[in-house]
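Reader: I am new to this structure and would like to understand the words used for it. Could you set each value against the rule behind its name?

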Amino acid sequence: MAWLLLLAPLLSAVAITCFTRPFKKLSLGISVGAVALSFLIALGLFADFIPAPTPFTWIELAGFKIEIGFLIDPLSKLMLLIVTGVGLLIHVFSLGYMHDDPGVSRFFAKLSLFIFSMIGIVVATNFLMMFIFWELVGVSSYLLIGFWYEKTTASDAARKAFLSNRVGDFGFMLGIILFWSLTGTVAFDSGVLVPLHGVVGYTLTVMVLLLFCGCVGKSAMIPLHVWLPDAMEGPTPVSALIHAATMVAAGVYMLSRIFFVLELSPSALDVIAWVGGITALFAALIATQQDDIKRVLAYSTLSQLGYMVMAVGCGGWPAAMFHLATHAFFKALLFLGAGSIIHAMHHEQDMWKMGGLRKKMPVTFWTFAIGTCALSGIPFFSGFFSKEAILAVALNSHPALFWIAAATAGLTAFYMLRLFITVFFGPAKSEAAGHAHESPAVMTVPLVILSAFALFAGYSAFGLSHFLAPDGAELHFAMILPVSLIVVASGLVLGFSLYRNQTKDPVLIPLFKHKFFIDELYDHTILAFQNFLGRLAAWCDQWVIGFGLVRGSAFGASVGGEFLRLFQAGNIRGYAFLFSLGVALLLYLIFS
Amino acid sequence: MEPLTLNHYLGAAGLLFTLGLTGVIIRRDLITIYMCLEMMLNAANLTLVAFSRFNGNLDGQILVFFTITVAAAEVAVGLALIVALYRIRQTTKAEDLTALKF
């Protein structure tokens with residue numbers, strides 16, 4: 001029964017790809033039905049209505065066993081609900097958004113594949129199973145970013161995403177191997193750590209940092225963050241599902257899952273916390289100067305992921321998971337809202353060509369407003385609670401990171417208000433914005449449901465920390481309230497005063513606009529170095545191997561042959577005579 | 001009449017061998033040279049059989065079987081080469097084949 005949770009989306013992907021691609025209606029039905037079934041089973045597992053299935057052994061060698069099974073604990077229950085719930089809503093939204101696309105069956109097959117891989121990560125019982133699904137998620141992300149593969153930008157973005165992920169995954173794999181060699185097993189079980197107690201500190205630090213590499217790639221931390229903003233080339237529901245709510249959160253989920261390993265190395269935890277904090281601030285700064293509505297949200301996602309990773313690094317993984325949950329709802333809501341706007345604007349994404357959409361798209365406006373409030377951390381919206389929890393964790397362990405996080409919160413409020421005012425208020429700034437109208441119900445209903453979660457998910461906090469870690473960290477609220485309220489309020493006031501009734505951006509900071517020139521830096525260092533290596537290899541192939549070895553040996557044989565021809569007289573009978581004379585001489589010398 | 005000894009056989013074989021070698025050296029036609037080569041092989045066979053007969057073991061005769069087998073294969077290949085050569089050059093004269101000379 002519970003296996004269907006994992007198998008339903010896989011079967012859907014296979015069935016659509018192999019059989020039902022020409023029949024659009026049927027394909028959509030299969031895909032949505034499969035994710036709905038998964039959601040129901042996830043609900044059943046959550047309520048302990050369905051028991052977790054017994055695992056089966058996949059590989060068994062002497063002293064080493066790899067199982068495929070379900071690890072059902074509060075952490076994975078929560079994550080399963082997020083993945084399948086948000087996944088279901090986004091499937092429904094895609095019915096409307098992708099309605100006119102000729103490749104819609106292919107799209108839904110890939111979405112199903114993604115849901116399958118993501119569920120696999122969540123329920124994985126050991127590192128190896130997680131790694132397999134981890135890579136599958138990377139593949140489905142690649143397929144979905146490059147869904148409009150005839151667009152060069154989209155296929156480039158897909159390759160960039162895949163390669164950046166591979167860099168991180170390689171570190172993750174090394175980390176898994178190191179873990180295996182130290183403990184002799186790959187299971188997620190704190191009991192296996194006993195052999196690690198005698199291990200030298202820096203070996204553990206290296207192992208934890210290598211494992212963290214997986215998170216750096218998947219959750220787009222600095223310095224591998226470059227793929228996420230480009231991934232917005234994919235269809236908007238994909239951006240909402242994969243690049244905001246679930247896949248990029250997999251890194252944070254993984255860190256929470258293996259926190260029992262992470263906490264062995266406090267110095268590695270410090271590195272994790274600082275990488276997260278710096279990513280949060282850095283991405284928020286970039287987001288203040290982006291014009292593409294989806295890119296603003298993408299950098300905002302980066303920033304929020306930085307928050308979560310920082311929380312894990314500070315030792316507060318329940319707070320990170322809490323923020324992951326609320327962020328999944330309100331960021332999916334914001335992306336779907338952006339999708340609704342883009343749909344109405346006939347695929348225009350520049351926010352300075354929108355404006356005045358408040359009256360024309362009331363449902364989108366109100367739901368987007370709720371999402372904005374939740375992301376900005378306005379009190380009593382869900383984002384407020386989770387952000388407070390993370391700030392509290394940061395204050396307890398790294399006061400410096402607390403101030404970075406607080407500044408990020410202010411910036412978040414600022415750039416979200418900038419986006420919100422520019423898109424929904426003021427005059428219509430283009431022809432398309434003047435004629436925009438509300439999206440169909442199949443797109444607005446998921447918005448409304450998600451906004452309900454964005455409003456109320458925060459109140460689960462009071463039970464959530466207990467649910468995730470019965471004897472662990474408590475979430476505190478009171479002490480940091482004044483600071484966060486002040487920074488959020490000042491961000492809002494600044495945004496309001498700067499962007500009210502503007503038709504073009506009044507602020508221009510090239511450094512932020514060009515994303516700190518990181519892409520250019522990579523172009524000039526890594527890419528240039530790779531090009532150099534490529535040219536060196538091509539030169540070696542052409543001149544050393546091609547000219548030197550292949551043609552050189554042929555040339556040598558040819559010249560040698562020509563040289564030996566000088567000794568030929570062209571008379572076969574002469575050869576035979578000399579040959580027999582030689583033999584006779586030899587015999588004479590031997591026997592006399 | 002005195003009985004045949006090993007030396008009689010070896011003498012006959014040596015005569016055959018010299019005949020063959022002389023043929024190879026002085027004849028001009030490739031096919032004749034080839035037949036002379038075969039004669040040299042058979043001279044060797046004759047010595048082997050003679051030694052086998054007079055030493056009272058079968059090693060020499062077994063070796064002869066091998067020689068005959070290899071010679072058969074060699075003849076097949078060699079004659080095929082000569083036929084192919086004739087098709088290209090319209091000649092089987094040894095002195096016409098001087099392409100290897102610089």
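**Terms and the values behind them**

Reader: Where is A:Pro223 placed?

Author: A:Pro223 lies in the loop between α7 (201-218) and α8 (227-230) of chain A, where helices are DSSP runs of H or I with at least four residues, strands are runs of E with at least two, and both are numbered from the N terminus. This is a predicted model, in which local features need pLDDT of at least 70 and side-chain atom pairs count only at pLDDT 80 or more, while totals for chains, interfaces and linings use all residues. Residues are numbered from 1 along each chain as its sequence is written, and chains are lettered from A and ligands numbered from 1 in the order in which they are written.

Reader: Is A:Ala220 called buried or exposed, and how do you know?

Author: A:Ala220 belongs to the loop between α7 and α8 of chain A, and its phi is near 55 degrees, a positive value in a residue other than glycine. A residue is buried if 20 or more other C-beta atoms, placed from the backbone, lie within 10 Å of its own, exposed if 12 or fewer do, and partly exposed in between. A:Ala220 has 29 such atoms within 10 Å and is therefore buried.

Reader: How many C-beta neighbours does A:Lys515 have inside 10 Å, and is it buried or exposed?

Author: A:Lys515 has 22 C-beta neighbours inside 10 Å, so it counts as buried. This lysine is found in the loop between α23 (510-513) and α24 (518-565) of chain A, and its phi, near 55 degrees, is again positive in a residue that is not glycine.

Reader: What makes helix α9 of chain A mostly covered?

Author: In α9 (residues 236-245) of chain A, 10 of the 10 residues are buried, among them A:Thr236, A:Ser239 and A:His243. For chain A as a whole, 51% of the 592 residues count as buried.

Reader: Why are α14 and α20 of chain A called roughly antiparallel?

Author: The axes of α14 (residues 317-344) and α20 (residues 441-456) of chain A come within 9 Å and cross at roughly 150 degrees. Angles over 145 degrees count as roughly antiparallel, under 35 as roughly parallel, 65 to 115 as roughly perpendicular and the rest as oblique, and therefore α14(A) is roughly antiparallel to α20(A). Residues in contact have C-beta atoms, placed from the backbone, within 7 Å, and here they include A:Phe329, A:Leu333 and A:Gly337 of α14(A) with A:Met443, A:Leu447 and A:Ser451 of α20(A). By class, this contact has 11 nonpolar, 3 polar and no charged residues, where Ala, Val, Leu, Ile, Met, Phe, Trp, Tyr, Cys and Pro count as nonpolar, Asp, Glu, Lys and Arg as charged, and the others, Gly among them, as polar.

Reader: How many residues of chain B are in contact with chain A?

Author: 11 residues of chain B are in contact with 11 residues of chain A, and those on the side of chain B divide into 8 nonpolar, 1 polar and 2 charged.

How values were computed
Axes are lines fitted to C-alpha atoms, for helices over the stretch in contact, and angles run from 0 to 180 degrees between N-to-C directions. Two residues are in contact if their C-beta atoms, placed from the backbone, lie within 7 Å.
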